[in-house]
Amino acid sequence: VQLQASGGGLVQAGGSLRLSCAASGSIISINVMGWYRQAPGKQRELVASVTRSGVTNYADSVKGRFTVPRDNAKNEVYLLLNNLGPEDTGVYYCNAAIQSTNWRGLRSIWGQGTQVTVSS
């Protein structure tokens, strides 16, 4: 089971990006899916998450600018980043709580991270 993230890049302040994360492997079900980011010199923090039923949670710093849609049929989660600022720069990681035939219960799986750089 793995998560593959994509979609990062360099964008000017005020711009937008779309990140994608696809889960693959022997998956039975996926509970919460979400995105974290780690800025240089800082700890990794939760940006946004979405449950299987569509309940979302956002960090205060991104509310009103980011959205986190999810496609349960494709085992994919996205992060739509709008009105980006330099403070949004960092490596963005997707995460999912996955039930698999390979283990019992739920396991937290991380993607490889994708760089988002916002220039002022």
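Student: What percentage of the 120 residues of the protein chain count as buried?

Tutor: The model is a predicted one. In the protein chain, 41% of the 120 residues count as buried, where the term requires a relative accessible area under 20%. The accessible surface of the protein chain comes to about 6,200 Å², and carbon and sulfur atoms hold 46% of that surface.

Student: How do you know that the radius of gyration of the protein chain agrees with that of a compact globule?

Tutor: For 120 residues, a compact globule would have a radius of gyration near 14 Å; the protein chain has 14 Å, and therefore the two agree. Along the principal axes, the C-alpha atoms fill a box of roughly 45 × 25 × 20 Å. Among contacts with a separation of 6 or more, 55% are between residues 24 or more positions apart.

Student: How many helices and strands does the protein chain have?

Tutor: The protein chain has zero helices and 12 strands. Its pattern along the sequence is accordingly β-β-β-β-β-β-β-β-β-β-β-β.

Student: Which residues touch the most other members of the largest nonpolar core?

Tutor: They are Trp35, Leu79 and Tyr92, in a core of 30 residues. Several strands each supply at least two residues of this core, including strand 1 (2–6), strand 5 (45–50) and strand 12 (114–119). Leaving aside neighbours within four places in sequence, Leu79 is in contact with Trp35 and Tyr92, and also with Leu17, Val47 and Phe66, among others.

Student: Why is the pair of Tyr93 and Trp110 called edge-to-face?

Tutor: Two values describe a pair of aromatic rings: the distance of the centres and the angle of the planes. By this rule there are two aromatic pairs. For Tyr93 and Trp110 the centres lie 6.5 Å apart and the planes stand at 85 degrees. Pairing requires centres within 6.5 Å, and edge-to-face requires planes over 60 degrees apart, so the pair is edge-to-face.

Student: What makes this pair a link between distant parts of the chain?

Tutor: Tyr93 belongs to strand 10 (residues 90–100) and Trp110 to strand 11 (residues 106–110), and the two are 17 residues apart. Ring pairs join Tyr36, Tyr93 and Trp110 into a cluster. The charged end of Arg44 sits over the ring of Tyr93, 3.7 Å from its centre, and over the ring of Trp110, 4.7 Å from its centre.

Student: Why is Arg65 called buried?

Tutor: The relative accessible area of Arg65 is 14%, under the 20% limit, so Arg65 is buried. Arg65 lies in the loop between strand 6 (56–58) and strand 7. Not counting residues up to four places away in sequence, Arg65 touches Leu80, Leu81, Asn82, Asn83, Leu84, Gly85 and Asp88.

Student: How do you know that Pro69 counts as partly exposed?

Tutor: Pro69 has 32% relative accessibility, which falls between 20% and 50%; therefore Pro69 counts as partly exposed. Pro69 is found in the loop between strand 7 (66–67) and strand 8 (70–71). Apart from its neighbours within four places in sequence, Pro69 is in contact with Val77, Tyr78 and Leu80.

Methods: Residues are numbered from 1 along each chain as its sequence is written. This is a predicted model: local features need pLDDT of at least 70, side-chain atom pairs count only at pLDDT 80 or more; totals for chains, interfaces and linings use all residues. Side-chain values use heavy atoms; hydrogens and water are left out. Rings of Phe, Tyr and Trp (its six-membered ring) pair if their centres lie within 6.5 Å; planes under 30 degrees apart count as stacked, over 60 as edge-to-face and the rest as tilted. Helices (H or I, at least four residues) and strands (E, at least two) are DSSP runs, numbered from the N terminus. A charge sits over a ring if NZ of Lys or CZ of Arg is within 6 Å of the ring centre and within 35 degrees of the ring normal. The radius of gyration is taken over C-alpha atoms; the globule rule is 2.2 Å times the number of residues to the power 0.38. Buried means under 20% relative accessible area, exposed over 50%, partly exposed in between (1.4 Å probe, protein chains only). Contact means heavy atoms within 4.5 Å. Accessible areas come from the Shrake-Rupley method with a 1.4 Å probe; for residues, only the protein chains shown count as cover. A nonpolar core is a set of buried Ala, Val, Leu, Ile, Met, Phe, Trp, Tyr and Cys residues joined through side-chain atoms within 4.5 Å.
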